Amino acid sequence: MAWTLAQAKIYLGADDPDTPEGDLVIQQVLDETIADLESKLGRQLLLARETVRFLQVTDETILMPRFPIKKVHAVDMNGLNPPGMVFNGANDYYVMARTGWIRSPYFVGQNEVLIDYEGGYEVLPVDLERAMWSAFLTLYADTDSTTGAPPAGSGTTVVAGSGEISSVTIPDFATVKYDVGSTVASSSAAADSAAWGWLAPWYTTFQRYRAGQAGVGLGIA
């Protein structure tokens, strides 16, 4: 499946207003959901090609913002090569595609490194996608389907919970259960939950896809 307006409208079913204005609201909620999630994860999720510029590089290893890495098209440098070393392109760097790292001794001391690459998920892992759609449906339910704002006078909000079991049903997918109440098992769990904000009900899934050393799953496909 894909993180698209068309898929969102299938999940919404009878709740889909099926108007141009309604489509704009659905797209807004899609964009807000993935933007908030990517901010928490410290990475971008969907497959795309981009060129990223790194300045004053001090380490042999660079973490790309999108992973898994599908292909590195070019690595260009504007700096000083280590003494006695001449950069020979693809022969002189190693790509750890699954975790998003590119490693080369030539990176150290470079004033500028430009990397043209493709990365991100072409197909989202099933557990990640299920949690994302659950988050989308929760946020959409707290959104006025004609204006994109919170429902007038509703006083409702998306609340952070423990990540334990309650219930959200996604048509043709599964019934996903998370607790959105305020009780947590420990102070550590409470801190973890609070750090995720409104995405807290799904944090036990999402945290497996965080970038860098904090990530548990490091984007395992």
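Glu 112 is buried, at a relative accessible area of 15%; buried here means under 20% relative accessible area, exposed means over 50%, and partly exposed lies in between, with a 1.4 Å probe and protein chains only. The model before you is predicted, so local features need pLDDT of at least 70 and side-chain atom pairs count only at pLDDT 80 or more, while totals for chains, interfaces and linings use all residues. Residues are numbered from 1 along each chain as its sequence is written, and side-chain values use heavy atoms, with hydrogens and water left out.

Let me stay with Glu 112 for a moment. Which residue forms a salt bridge with Glu 112? The partner is Arg 53, and the closest N and O atoms are 2.5 Å apart. By salt bridge I mean a side-chain nitrogen of Lys or Arg within 4 Å of a carboxyl oxygen of Asp or Glu. Because Arg 53 lies in strand 1 and Glu 112 in strand 6, the pair ties together parts that are 59 residues apart in sequence. Helices (H or I, at least four residues) and strands (E, at least two) are DSSP runs, numbered from the N terminus. In contrast to the buried Glu 112, Arg 53 counts as exposed, at 53% relative accessibility.

A second salt bridge joins Asp 116 and Arg 49, with 2.6 Å between the closest N and O atoms. This pair again links distant parts of the chain: Asp 116 belongs to strand 6 (residues 112-119) and Arg 49 to strand 1 (residues 48-55), 67 residues apart. Asp 116 counts as buried, at 15% relative accessibility.

Ala 48 stands opposite Gly 119 of strand 6. The open sheet has three strands in the order 1-6-3, with antiparallel pairing. Strand 1 and strand 3 (69-77) stand at the edges with a single partner strand each, so one side of each is left without a neighbour in the sheet.

I turn now to the segment after helix 5. Arg 208 and Asp 127 meet through their side chains in a salt bridge of 2.6 Å, N to O. Arg 208 is in the segment after helix 5 (203-206) and Asp 127 in helix 3 (residues 126-141), 81 residues apart. Arg 208 is partly exposed, at 32%, whereas Asp 127 counts as buried, at 17%. In total, a search of the whole structure finds six salt bridges.

Finally, the aromatic residues. The structure holds eight aromatic pairs; rings of Phe, Tyr and Trp (its six-membered ring) pair if their centres lie within 6.5 Å, and planes under 30 degrees apart count as stacked, over 60 as edge-to-face and the rest as tilted. One of them is Tyr 121 with Tyr 209, edge-to-face, at 6.4 Å centre to centre and 80° between the planes. Tyr 121 lies in the loop between strand 6 and helix 3 and Tyr 209 in the segment after helix 5, so the pair ties together parts 88 residues apart in sequence. Tyr 121 is buried, at 4%, and Tyr 209 is buried, at 6%. Trp 198 and Trp 202 have ring centres 6.2 Å apart and planes at 80°, so this pair is edge-to-face. Both Trp 198 and Trp 202 are buried. One aromatic cluster is formed by Trp 3, Tyr 11, Trp 133, Phe 136 and Tyr 140.

How values were computed
Pairing = 2+ DSSP bridges.
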